[in-house]
Amino acid sequence: MARILVMSEAWQSALACIQSLGQRGHEIHVVGASRPSIHARSSYVRGICRVASADPEVVLRQALAYADEQAVDVIIPVSDFDATLAARARETLPGGHRFLVGPQEAVAIARSRNRTIDLCRSLGIRTPRTLFATHETAREMAEELGFPCFLKISGTVASQGVLRLSSRADLRKALARVPAGTEMQLQEPIAGDFVDVAGFCRAGEVLASFGFRASYDMSMGGVPAHSLLVEDPRLDAILSGIAGALEWSGGLDVDLLATRDGDLAVLEINPRLSGTSVFALKRGLDLPAGYLPDSATASDLACPAERADADAFVSLPEEARFLMAGGAKAAARAIAFRREHRCTDNAFWIDQGYSKALFDLLQAIRLGVA
């Protein structure tokens, strides 16, 4: 049995780690804020390292101190922010060996939208047409791309720091809020579904991966309410190329868009597990198990499948919010999705603590208080 510390417990991929490693019999601890999420109420969670500060030095210091106090064997970075801390700790700090993550330079490339585009170009991987902008050049570049287009700020996550610009006025307002010297880019829009490929890597080699897609309108701002399984060798090739170039170890996730001509274009690299890792776990692919020291091959990431035949995934809290906001039209869409696909979800009824917390959250969403 190993003692595991899962960072950023409120993230969906943290739930996958808690369930995966808890069900395997390991002792789970989590890093949470002053008010932890429902994931921390899991029956598998033995302790919570509460960190009230967002200061990187404080977070890292408290997490490592807690790990020492609890004799933790493995610390799992869950967010992009965690990956930055983990890479630095692994390379420079005592106790950093408990993290499994890529080099600091690799994390820096992944967190820079501009360097991500450069990497993909060097590997021959398609990206949307992108221009690296400054405050001085942004207006001219926006005219060259045409409106609408997107302004993207490096160092942000998913749809955070992504602004859709419909006019020169939108650009002026956006630039007024962006500090001088900020790394940013302008990018053409692509109409198509959101596609994701995620996997677990060791020293640049992908041990196992899975892909999914979601409607574009469900892909903004976190885990989609509804996702569909995608099995496409092009996704594996893209993930393998990026993992090899970064010499990556740990969870790795790549966001893409499906283009109208049937191609795929990379949007960003996330130096962590995907938020939809629960989908893979329910199908029998245990990506969080890669963080265990003795995991070295794809067979080590296999687990009993709750729904091996599932071709679709429902994130229950996100679906509940979607239904509350969308009324009858959203309900019809959700019903059709469930009828047309073999669905699994992020409920774990074997886990009584988490199950009660999930039920309470769904009720709160229904009542409009969460």
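## The aromatic cluster

Let's start inside: F194, F210, F212, F279 and F313 make up one aromatic cluster. Keep in mind that this is a predicted model. For the chain, the count of aromatic pairs comes to 6.

Take F279 and F313. Their ring centres sit 5.5 Å apart with the planes at 20°, and since planes under 30 degrees apart count as stacked, this pair is stacked. F279 belongs to helix 9 (residues 277–282) and F313 to strand 14 (residues 312–314), so the pair ties together parts that lie 34 residues apart in sequence. Both partners are tucked away: F279 is buried at a relative accessible area of 0%, and F313 is buried at 1%.

## The overall fold

Zooming out, the chain carries 11 helices and 15 strands. Its radius of gyration is 20 Å, close to the 21 Å that the globule rule gives for 370 residues, so the chain is as compact as a globular protein of that length. Along the principal axes, the C-alpha trace spans about 60 × 55 × 40 Å.

What share of contacts between residues at least 6 apart in sequence joins residues at least 24 apart? That share is 66%.

Of the chain's 370 residues, 55% count as buried; F279 and F313 are among them.

Key. Residues are numbered from 1 along each chain as its sequence is written. This is a predicted model: local features need pLDDT of at least 70, side-chain atom pairs count only at pLDDT 80 or more; totals for chains, interfaces and linings use all residues. Side-chain values use heavy atoms; hydrogens and water are left out. Helices (H or I, at least four residues) and strands (E, at least two) are DSSP runs, numbered from the N terminus. The radius of gyration is taken over C-alpha atoms; the globule rule is 2.2 Å times the number of residues to the power 0.38. Buried means under 20% relative accessible area, exposed over 50%, partly exposed in between (1.4 Å probe, protein chains only). Contact means heavy atoms within 4.5 Å. Rings of Phe, Tyr and Trp (its six-membered ring) pair if their centres lie within 6.5 Å; planes under 30 degrees apart count as stacked, over 60 as edge-to-face and the rest as tilted.
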